[in-house]
Amino acid sequence: DFGRYYILNPITKQYVEIPPSKRPFAHCCVGFISQVKHSVVTSYKVIRLEDGGGRTSILKLDIFSSETGEWRDIDIPLQQVLQLLPLRKMPVVLKEILHFMDRELGILAYDPYKGPHSCRIIELPGDIDREWSKRVDEKTILFDVHRGHLRFFAASNAYNDGLRISMWTLSDYDEGHWLLEYRISLSELACDISFPDSPYLVPIT
């Protein structure tokens, strides 16, 4: 990561380079959020979160604001120890809030428009397999936004009926309430080819 970024307008095909970051991160997750009023972007932020690949009790961030035209270093001490998943180095964005996946605790929500130190943990669904959740990685989950809600998929082989796929929707964002939408085991599915004995989801090509 060299801390150099460009803001592109896909409609006009114009772009601008923002000033390079001066905070060196060997690896980082990068997010982009903006505020829109009357279909016009009024401001945006680029957020860099250090991804050290291990456990940490301090969030180290580097934030660029279009309002100031400058980067700002932010360190947030945490009461809990996190080990974030890279998830292709991109957070999930909902309501101008960035969401990062933790291996054990759940989802880290960071809201830089509310305040530079505004973050909270959204716990994983209560009926998730806890032994699986300790081993979670980007190959066993999908995490996105659907119709204005966070959605969480998980694949676990901790059940007697083999690999099981579950999907939850965060029905109440503020309270952190999850709704189980679907749960199915691969033993209930019929297919023409045998599914490999693997605890992982694989992309369809």
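What share of the contacts in the protein chain with a separation of 6 or more comes from residues 24 or more positions apart? Such residues account for 43% of those contacts, a contact being heavy atoms within 4.5 Å. Welcome to a predicted model, in which local features need pLDDT of at least 70, side-chain atom pairs count only at pLDDT 80 or more, and totals for chains, interfaces and linings use all residues. Residues are numbered from 1 along each chain as its sequence is written, and side-chain values use heavy atoms, with hydrogens and water left out.

**Overall make-up**
- The protein chain has 14 strands and one helix, taken as DSSP runs numbered from the N terminus (helices H or I, at least four residues; strands E, at least two).
- Of the 205 residues, 40% are buried; buried means under 20% relative accessible area, exposed over 50%, and partly exposed in between (1.4 Å probe, protein chains only).

**Nonpolar cores**
- The largest nonpolar core holds 19 residues, where a core is a set of buried Ala, Val, Leu, Ile, Met, Phe, Trp, Tyr and Cys residues joined through side-chain atoms within 4.5 Å.
- Two or more residues of this core come from each of β7 (92–94), β8 (97–101), β9 (106–110), β11 (141–146), β12 (149–159) and β13 (162–172), and β12 gives the largest share, three residues.
- Among the residues with the most contacts inside this core are Met101, Tyr173 and Trp178.
- Leaving out residues up to four places away in sequence, Trp178 touches residues including Ile107, Ile122, Leu150, Phe152 and Trp168.
- Another core, of 17 residues, lies apart from the largest one and includes Ile63, Leu84, Phe100 and Leu108.

**An open sheet**
- Four strands line up as β7-β8-β9-β10 in an open, antiparallel sheet; strands pair if DSSP finds at least two bridges between them.
- β7 and β10 (119–123) are the edge strands with a single partner each, so one side of each has no neighbour in the sheet.
- β8 and β9 pair over four bridges, and His99 has Ala109 in β9 as its bridge partner.

**Salt bridges**
- There are four salt bridges, each a side-chain nitrogen of Lys or Arg within 4 Å of a carboxyl oxygen of Asp or Glu.
- Arg48 and Asp62 form one, with their closest N and O atoms 2.9 Å apart; this pair links β4 (residues 40–50) to β5 (residues 56–65).
- Arg48 is buried at 1% relative accessibility, and Asp62 is buried at 0%.
- Glu17 meets Arg4 at 2.8 Å, N to O; Glu17 is partly exposed at 39%, and Arg4 is partly exposed at 48%.
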